[in-house]
Amino acid sequence: MLKIAAEGIAPRLAACCLINSSAQSSCQRIAPQAAKATQKYLSQSQMHYKKLVIKDHYDFDQKVINSDNPVIVNFHAEWCDPCKILTPKMLELLENSNEIDLAIIDVEANLDLVETFEVKAVPAVLAFRNGVVVDKFIGLVDANSIETLIDKLKRKQQQKNQ
């Protein structure tokens, strides 16, 4: 569907250029390039992981517990300095993964989830697969530890798909 949307841009650009006949030749050159660039952008954006913002318990159930993909849940707070380091690092490491989703939960706004999962300190990261916590860590960890968690989730997801 994204490809169809991108391909639909060229005829629209060309039609707009017909109104101004002096610009017609330049528009005809630009329209196919614009469609290719848009198609490339749309296909690249489709490849990235899903960043899920959880607003409440219902949202959590729908996006994490019922997810087909493994989900890394990041409990964080705006006032937490280690969270300001960990969250961007996790976003960076999951940037090219379409197999694992990242859910970000603000502990201030989701006290019921904090209580449910007994989060005592932030950042707290829980890894879910099929609605069950399969791994977790608390506090700021190095990039290697995060990569190990991601690789473990990917391996198990690939085993499941075979």
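## Fold, sheet and salt bridges of a predicted protein chain

The protein chain exposes about 10,000 Å², of which carbon and sulfur atoms supply 53%. The model described here is predicted. The protein chain has 162 residues, and 33% of them count as buried. Among contacts with a separation of 6 or more, 70% are made by residues 24 or more positions apart.

The secondary structure comes next. The protein chain contains seven helices and five strands. Along the sequence, these elements follow the pattern α-α-α-β-α-β-α-β-α-β-β-α.

The five strands form an open sheet with mixed pairing, in the order β1-β3-β2-β4-β5. At its edges stand β1 (51-53) and β5, each of which pairs on one side only. From one strand to the next, the twist averages 20 degrees. Strand β4 (residues 124-129) and β5 run antiparallel and are joined by six bridges. Within this region, Ala 124 stands opposite Ile 138 in β5.

Helices also meet this sheet. Helix α4 lies across β1, β2 (71-76), β3 (101-106) and β4, and runs at about 145 degrees to β2. Helix α5 packs on the sheet as well, where it touches β1, β2, β3, β4 and β5. The direction of α5 makes about 160 degrees with that of β2.

Is Asp 59 buried or exposed? Its relative accessibility is 13%, and because buried means under 20%, Asp 59 counts as buried. A polar atom of the Asp 59 side chain lies 3.0 Å from the backbone nitrogen of Lys 55. When neighbours within four places in sequence are left aside, Asp 59 is in contact with Val 53, Ile 54 and Val 64.

The charged side chains are considered next. How many salt bridges does the model contain? The count comes to five.

| Salt bridge | Closest N and O atoms |
|---|---|
| Lys 84 and Asp 81 | 3.9 Å apart |
| Lys 89 and Glu 92 | 3.3 Å apart |
| Asp 135 and Lys 152 | 2.6 Å apart |

The pair Lys 84 and Asp 81 belongs to helix α5 (residues 81-93), where the two residues are three residues apart, about one turn of the helix. Asp 81 has a relative accessibility of 54%, so this residue counts as exposed.

Lys 89 and Glu 92 are also found in helix α5; because they are three residues apart, about one helical turn separates them. Lys 89, at 28% relative accessibility, counts as partly exposed. Glu 92 is likewise partly exposed, at 46%.

Where in the chain do the partners Asp 135 and Lys 152 lie? The salt bridge joins Asp 135 to Lys 152, and this pair links distant parts of the chain. Asp 135 is in strand β5 (residues 132-138), whereas Lys 152 is in helix α7 (residues 143-161), and the two are 17 residues apart. Asp 135 has 23% relative accessibility and therefore counts as partly exposed. Lys 152 is partly exposed too, with a relative accessible area of 32%.

Methods. Residues are numbered from 1 along each chain as its sequence is written. This is a predicted model: local features need pLDDT of at least 70, side-chain atom pairs count only at pLDDT 80 or more; totals for chains, interfaces and linings use all residues. Side-chain values use heavy atoms; hydrogens and water are left out. A salt bridge is a side-chain nitrogen of Lys or Arg within 4 Å of a carboxyl oxygen of Asp or Glu. Helices (H or I, at least four residues) and strands (E, at least two) are DSSP runs, numbered from the N terminus. Buried means under 20% relative accessible area, exposed over 50%, partly exposed in between (1.4 Å probe, protein chains only). A polar contact is a pair of N or O atoms within 3.5 Å; within protein, one must be able to donate a hydrogen and the other to accept it, and residues adjacent in sequence count only if both atoms are side-chain atoms. Contact means heavy atoms within 4.5 Å. Accessible areas come from the Shrake-Rupley method with a 1.4 Å probe; for residues, only the protein chains shown count as cover. Two strands pair if DSSP finds at least two bridges between them. Axes are lines fitted to C-alpha atoms, for helices over the stretch in contact, and angles run from 0 to 180 degrees between N-to-C directions.
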